[in-house]
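Subject: Structure for you to look at

Hello,

Here is the structure you were expecting, with sequence and coordinates together. My notes on what turned up in it follow below.

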Amino acid sequence: MKITLTVNGKKYQRDASETKNLLHFLREDLGLTGTKEGCGAGECGACTVIMNGKTVNSCLILAVEADGTDIKTIEGEAKNGKLSKLQVAFKKNHAVQCGFCTPGMIMSTRALLEANPKPTVEQIKQAIEGNFCRCTGYQQIIEAVQDASGQLKKKEGLKRA
Amino acid sequence: MLDNTPKKDLKYVGKDVERIDVVEKLTGQALYTADLEFAGMLHGKVLRSPHAKARIKKIDVSKAKKLVGVHAVLTGNDLDYRVGLYLVDKYILARDTIRHFGEAVAAVAAETPAIAQQALDLIEIEYEVLTPFLDPKQVFDKKAPLVHPDLGSYSYVEAVFTPVPGTNIANHTKLRKGNVEKGFKEADYVIEREYTNPNVQHVPMETHIAVGKWDTGDRITIHTSAQSPFTVRNLFAHSFKIPHCNIRVITPYLGGGFGGKAGIHLEPLCCCLSKLSGGRPVRIQATREEEFSLLPCRSGLIYNIKTGVKKNGKIVAQKMTMYWDAGAYADYAVNVTRASGFSASGPYEIENAWVDAYTVYTNKPFGTAYRGFGHVEFSWGMERHMNYVADTLGIDPLEFRKINALRPGSKTMTGEEVVTNTGSVTKCMDAVAKSINYGKLTAAELAREKKTGMKIGKSVVALQKAPAMPPFTGTVMILKLNEDGSVTGSHSLTDYGMGTYTSLAQMIADVLRWPIERIRLPIENDTDRDPYDWQTVASKGLLLSGNAAILAAKDLLDKCYDVAAQALRAQKCDLDHDAEKVFVRHHPKSHVTYKQMAVGYAYPNGNAICGPIIGIGRYIAQGLTNLDKETGQGNPALDWTFGAHGLIVEVCEKTGAFNIIKVASAYDIGQVINEGSVRGQAIGGMIQGLGTAMCEGYIYNDKGQLLNPSFTDNKIPTSLDIPEEIDCIAIETPQIDGPFGARGVGEHSMIAVCGALGNAIEKATGAVLTHMPIRQENVWKALQSRSGKKATAKATKPAKAVKAEKPAKSVKAEKPAKATKPAGRAKK
């Protein structure tokens, strides 16, 4: 089936197989491999993208269902070779380790900040509840989002006895 | 290699430095193995056994082979190769016998994943289902079915391991220190209890993936998500008897590992399918479900601890018996058994110690390395046991730990002497105790109890770990000077998330006195291009590769000084350097820049000297030995990193629900290299440990079939599960042979936190837990078996568990009532 969709502001038209999910469509048909597959079952959030302003697990959406939608992926976050404020906050606060959950994590927190520019810690935790991260233990990600929203009083640090 | 650079001159070491690999990860531009495309690439899929133990009566692949788009179909009959890390016991595909649920039985390579799946569905197999061996404690039952009847014919590393043919024992590690029977005779109390852990899955967010290409002339190229490219190459070469130089292993960006990707896994199968497909690259990407049973997990453990102790709290004898549930193949489990065997006491001095640690084959998915390498599992038992013994004696559990803590002058279980620079576990315990206000409830906590109706408990636990590695573990760093005076490094430690590369770059920058931006350490590794490293495991990377990095930077400078001395007609002893140049100290205008000498220094008339500059640093662990097989004595430890956790929990006595209010963790890491990375390792590992403690774990039916191979039924912690407050503390007792005094901390954060949770729950409510994980229902059940409230919990425990081997029963009987009052519950 022929589908037309906008990804990161660019229009694409492709023939999409009815059985292909959006995740594989983005990765294989559009070459946007920034979005990752962690479970293929909608549990881990590694494949999170923003569809019409809302986060979705792209492994649970068929490509044909995305016909006519506006999609944002990790590749659209930095502009003109410059990291976004959110990305800079992740960088500064050690919110990235292996990096495999990072694209989905950025998408979830991007959508959060657009809906709620000053989220509380509890709201940040809820926004990323569906994004598993096995490396960081989430704390530095939460701090990064606080930082990006101008709410991190002082940088949390390691205490040196 | 405690560098002499004064701390004030360090611009990067000890600071909070942003990761060098973060931009590509934040933009989605970092390429992981799954992101790579190869011309003509086929997709491999694996058919897995639904049975724990079975005989393959018949296997028919003719229909699968005929399917259009299928290029290769393999069964065990086609592959007479065994692989194995320490004990070579595993066929690439099961031959005749199935040994665990999820074991690979057949594999196909096809043009699309869908065709590959269709082909699998066309394979017909007839199994004769056999009785599996599932309980490692039945290992001495002579009638128990054998998982590997041919164990006696397998090759293995004889200097280190002891398989027992004719049994299910893949390895028996012994440790005998002092005179344990004499110690028990001197003891006032002998206290014994057993603790258990299930299999646990690593859950890297990137599942295992490999792309193998087997070209004509046996030239092999493998792209893989492996942690240790040289291990993949070495084991591949041994299994297939192909020269090492014919095999090229490339590791792109890695999406986590935690030990699960340390060995060799999907690579041989990809390559065999490729060979059969005429050399087309074949990719196998494990599904999340396959991660749980096709690929390895963490071994289960049944741990029996019998402690002889004096009234004053000094442990005088301890007998430790470990039954490691290794599953169907030995993989790393034999070495987990060895490494956890020699530190099974935790960070405590045991004058008379006796360990029997058995790696037991069972018909379950097999165990491998997992962050902590056995220490998470045994520390659960040991740290619960320390509280049990302390409670029985009526000594505060923290005080009891401090009485027995390793300290300068103590001997570890293998007989190694602890010195001041080994580090201090007591300082770690004191730091976390202070952080959580151990021993009392604050006014705010009392108010919180009143408000919520929940009970608050606190605990402090201690931990230690040394790298588990061969005594001859070595590594190399090469630094190549570029035309513009930057350097590009080449080495084979991998960075699957820890941040070690950034730490190495910081050290190199400080030795060179260059801005860190001029140092590039490419994240991808390639065995054809990069020099050898044993493996990226064991928390040894920072120390060994850090020393190699310092040596390489010094060697690079030395070579630059050679050029400058010649060009400037000066002696090297009169030279100095800064970020741009080497100069004559007493005449700084006389200098040569790095740019001028990078590819060979040229005089104005065109004459040139010296050629392109590289620095090489080689480092190998010093003075380590294999352990004596009978006594377990020797020197296995590159370094010991000590640590402690303090934990505050609140528990609902009606439902067993609990919240972790705070975790404070402290590690004696010698010298902080990167504050942000240390904190990242500290928190990340601690939460992973809480996952093990709170919710994760394999559940089997009585046939050995795994019931929860998914995130739906095997949850890992989410952002909503983390403690309300987290405190991370670094203690810095320098390691003499550590780079800038540093030692590793990658695994330690995961160790012992499980015990901290169990102890704090018991403090709060009297619920006695001896099995991990501690799910809410387990707490509820334990609460029900308290026959009264606090007082009964105290009374039942000793009656059941304290074995009056010798000393007067009356002593023991009168003690506990007074003694086991949970310290954390004491009101002010």
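In the counts below, Ala, Val, Leu, Ile, Met, Phe, Trp, Tyr, Cys and Pro are taken as nonpolar, Asp, Glu, Lys and Arg as charged, and the others, Gly among them, as polar. Please keep in mind that this is a predicted model.

Of the 24 residues that line the second largest cavity, B:Lys90, B:Ile92, B:Ile264, B:His265 and B:Phe366 are the closest to its centre. Strand S5 (90-91) and helix H6 (267-276) of chain B each supply at least two residues of that lining.

There are nine cavities of 30 Å³ or more in the structure. The largest cavity has a volume of about 600 Å³. It is lined by 43 residues, and B:Met498, B:Ser539, B:Gln681, B:Gly746 and B:Glu747 are the closest to its centre. Helix H13 (500-512), H14 and helix H16 (675-694) of chain B each give at least two residues to the lining of the largest cavity, and H16(B) gives the most, with three. By class, the lining of the largest cavity has 20 nonpolar, 18 polar and five charged residues.

Pockets

The largest pocket has a volume of about 1,200 Å³. Which residues lie nearest its centre? Of the 37 residues in the lining, they are A:His24, A:Glu28, B:Lys45, B:Pro113 and B:Gln285. Helix H1 (22-29) of chain A supplies at least two residues of the lining, as do strand S1 (42-48), helix H3 (113-121), S14 and helix H7 (288-293) of chain B. The largest share, six residues, comes from S1(B). The lining of the largest pocket has eleven nonpolar, 14 polar and twelve charged residues.

The second largest pocket holds about 940 Å³ of space. Its lining has 46 residues, and the closest to its centre are B:Leu85, B:Tyr86, B:Val157, B:Phe161 and B:Pro470. Strand S4 (82-83), strand S9 (169-177), helix H5 (229-240) and helix H8 (333-342) of chain B each supply at least two residues of this lining. H5(B) provides the largest share of it, seven residues. The classes here are 22 nonpolar, 17 polar and seven charged.

Nonpolar cores

The largest nonpolar core has 265 residues, and A:Phe90, B:Phe236, B:Leu647, B:Leu757 and B:Ile761 have the most contacts inside it. Helix H14 (residues 541-568) of chain B contributes the largest share of this core, 17 residues. Another core lies apart from it, with 18 residues, among them A:Val7, A:Ala16, A:Ile61 and A:Ala66.

Beyond its neighbours within four places in sequence, B:Ile761 is in contact with B:Val649, B:Val651, B:Phe658, B:Gly766, B:Ala767, B:Leu769, B:Ile774 and B:Val779.

Strand S11 of chain B

Is S11(B), residues 209-215, mostly covered or mostly open? It is mostly covered, with five of its seven residues buried. S11(B) runs antiparallel to strand S12 (residues 219-224) of chain B, and six bridges join the two. In this pairing B:Val211 has B:His223 as its bridge partner. The hairpin of S11(B) and S12(B) has three residues between the strands, and B:Gly217 in that hairpin takes a positive phi near 85°.

S11(B) is also antiparallel to strand S14 (residues 282-285) of chain B, to which four bridges join it. Here B:Gly212 has B:Val282 as its bridge partner.

Backbone points to check

Most residues other than glycine have a negative phi, and most peptide bonds are trans. The following are exceptions.

- B:Asp96 is not a glycine, yet has a positive phi of about 65°. B:Asp96 lies in the loop between S5 and strand S6 (97-98) of chain B. It counts as partly exposed because its relative accessibility is 48%.
- B:Arg513, also a residue other than glycine, has a positive phi near 65°. B:Arg513 is found in the loop between H13 and strand S23 (519-520) of chain B. Its relative accessibility is 45%, so B:Arg513 counts as partly exposed.
- B:Met772 and B:Pro773 are joined by a cis peptide bond, with omega about -5°. B:Pro773 lies in the loop between helix H17 (753-765) and helix H18 (776-784) of chain B.

Regards

Definitions and conventions: Residues numbered from 1 in each chain as written. Chains lettered and ligands numbered in written order. Predicted model: local features only at pLDDT ≥ 70, side-chain atom pairs only at ≥ 80, totals over all residues. Heavy atoms only, no water. Buried < 20%, exposed > 50% of the residue type's maximum accessible area, 1.4 Å probe, protein only. Pairing = 2+ DSSP bridges. Core = buried A, V, L, I, M, F, W, Y, C linked by side-chain atoms within 4.5 Å. Contact = heavy atoms within 4.5 Å. 1 Å grid on protein atoms, 1.4 Å probe; cavity = no way out; pocket = protein on both sides within 12 Å on 5 of 7 lines; lining within 4 Å. Points joined across faces, edges and corners; volume = space filled by probe spheres on them.
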